[in-house]
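Please keep the sequence and the model in view while reading.

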Amino acid sequence: MSFESFQPPVRTLMGPGPSDIHPRVLAAMGRPTIGHLDPAFIRMMEETKAMLQYAFQTQNAFTLPISAPASAGMETCFVNLVEPGDKVIVCVNGVFGLRMKENVERSSGVPIVVETPWGEAVDPNQVEETFKKNPDAKMLAFVHAETSTGAESDARTLVSVAHKHDAVTIVDAVTSLGGSPLKVDEWQLDAVYSGSQKCLSCTPGLSPVTMSERAVEKIKRRKNKVPSWFLDLNLVMGYWGSGKRAYHHTAPINPLYGLHEALVMLQEEGLENSWARHRKHHLALRAGLDAMGLQFYVKEAHRLPQLNAIVIPNGVDDAELRSRLLNEYNLEIGAGLGALAGKIVRIGLMGYSANVKNVLYCLAALEEVLGEMRMPVDKGAAERAAHKVMS
Ligand SMILES: *Cc1c(COP(=O)(O)O)cnc(C)c1O
């Protein structure tokens, strides 16, 4: 057998991540590999940490990218913070909340689930009630931006409820970082994890994590060892901390060049401008989808700009719609997950994908394909409506 080089097709990525990668990020990743303890590399690590503090809006010294996808950032928070027997209130309003519950269990904690219908924001009153019934709960875990449904929860209020009950918070900010307001210090979030491939325009495989003093203190007070060697933050910080570095693992050197470049670009654009860009393109996409008569799954007040969950119209086959967009238009959008499989599609406007070209291309492709799938569409109306918002 002989194989040839892999040549991926050129796609437009408008799903739930990865999003389109900025060419500057790909170029940075192709630069020469150097040793992971090379002083030049160490300077780049320090810069990356500082730029992550900016992206997270935090002064937390404990801010670094875990060398693995966002799921590893999630696991990092749970394995370090949850001690055997700890009660953790877990809010479940989609797929990623369910994974948090699984993480609590695997860390030998006891999950207390606050269930919210998928597509809705977590209700702080329900969380308050749950704390009252479980005064010994030590932590609250929730997803800020639920990518499986496109709903945003009010992180600031949820965390204030948890702190009133002296609980440490674990927040999934994988899809919010860089795409919509996330203010770690101002909102007093404790342990927060994210991913490189959503609104940062970078490739998948790295997971920025930040921890407040309160979270670090809880880890320091642990009575037994963190059950994961690779994700034990005491060891990871010996490598990523600012003192003398001890070898822990070999950092993914070139992917980190990519994250560094993505963060330089975020700084150049300005964090608030990046949030505004996601919002503006969401409004343009929304105008186009409205013109086509398509419905959003999430109520307007809780809609994420970077993840648009759209109800699949009656009589339209979900798999056929997505495969035609992919095969005929090289356009990737996301399927519904879990309970929403076959009911919604998810259109991502994340990072470099949140641009006018993608919005218009997606609307035009949807008009064509839905039209051919016998849904009555007024061709061109969606682009015109989007244009009106853009100008
Ligand atoms: C994508 C995503 C994750 C998981 O990220 P991976 O990089 O695939 O491990 C976790 N939480 C949320 C909310 C996400 O959107």
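A salt bridge is a side-chain nitrogen of Lys or Arg within 4 Å of a carboxyl oxygen of Asp or Glu. In this predicted model, the side chains of arginine 214 and aspartate 190 meet in such a bridge, at 3.6 Å from N to O. Arginine 214 belongs to helix 7, while aspartate 190 sits in the loop between strand 8 (168-172) and strand 9, so the pair ties together parts that are 24 residues apart in sequence. Arginine 214 is partly exposed, because its relative accessibility is 32%. Aspartate 190, by contrast, is buried, with a relative accessible area of 2%.

The count of salt bridges comes to 22. One of them joins glutamate 46 and arginine 245, whose closest N and O atoms are 2.5 Å apart. This pair links distant parts of the chain, 199 residues apart: glutamate 46 is in helix 2 (residues 39-56), and arginine 245 is in the loop between helix 8 and helix 9 (253-269). Here the glutamate 46 side of the pair is partly exposed at 29% relative accessibility, whereas arginine 245 counts as buried at 12%.

A further bridge is formed by arginine 324 and glutamate 372, with 2.2 Å between the closest N and O atoms. Arginine 324 lies in helix 11 (residues 318-329) and glutamate 372 in helix 12 (residues 356-372), and the two are 48 residues apart. With a relative accessible area of 16%, arginine 324 is buried; glutamate 372, at 43%, is partly exposed. Salt bridges also link Arg24, Arg31, Glu261 and Glu268 in a network.

The discussion now turns to the domains. The domain assignment divides the protein into domain 1 (23-267) and domain 2 (271-390). Their C-alpha centres lie 29 Å apart, and 28 residues of domain 1 are in contact with 22 residues of domain 2.

Within strand 11 (residues 307-311) lies asparagine 308. Is this residue buried or exposed? Asparagine 308 counts as buried because its relative accessibility is 0%. Which side chain makes a polar contact with the side chain of asparagine 308? The partner is histidine 282, at 2.6 Å. Leaving aside residues up to four places away in sequence, asparagine 308 touches several others, among them Leu285, Phe296 and Val345.

Phenylalanine 230 is placed in the loop between helix 7 (213-220) and helix 8 (233-240), and its relative accessible area of 31% makes it partly exposed.

Backbone geometry comes last. Most residues other than glycine have a negative phi, and most peptide bonds are trans. Serine 108, although not a glycine, has a positive phi of about 65 degrees; its place is in the loop between helix 4 (95-106) and strand 4 (110-115). Serine 201 likewise has a positive phi of about 65 degrees and is found in the loop between strand 9 (191-193) and strand 10 (207-211). Serine 108 is partly exposed at 42% relative accessibility, while serine 201 is buried at 7%. The peptide bond from glycine 17 to proline 18 is cis, with omega near 5 degrees, and proline 18 lies in the loop between strand 1 (12-14) and helix 1 (23-29).

Technical notes
Residues numbered from 1 in each chain as written. Predicted model: local features only at pLDDT ≥ 70, side-chain atom pairs only at ≥ 80, totals over all residues. Heavy atoms only, no water. Helix = DSSP H or I, 4+ residues; strand = E, 2+ residues; numbered from the N terminus. Buried < 20%, exposed > 50% of the residue type's maximum accessible area, 1.4 Å probe, protein only. Polar contact = N/O pair within 3.5 Å; in protein donor to acceptor, adjacent residues only side chain to side chain. Contact = heavy atoms within 4.5 Å. Domains from an automatic or database assignment.
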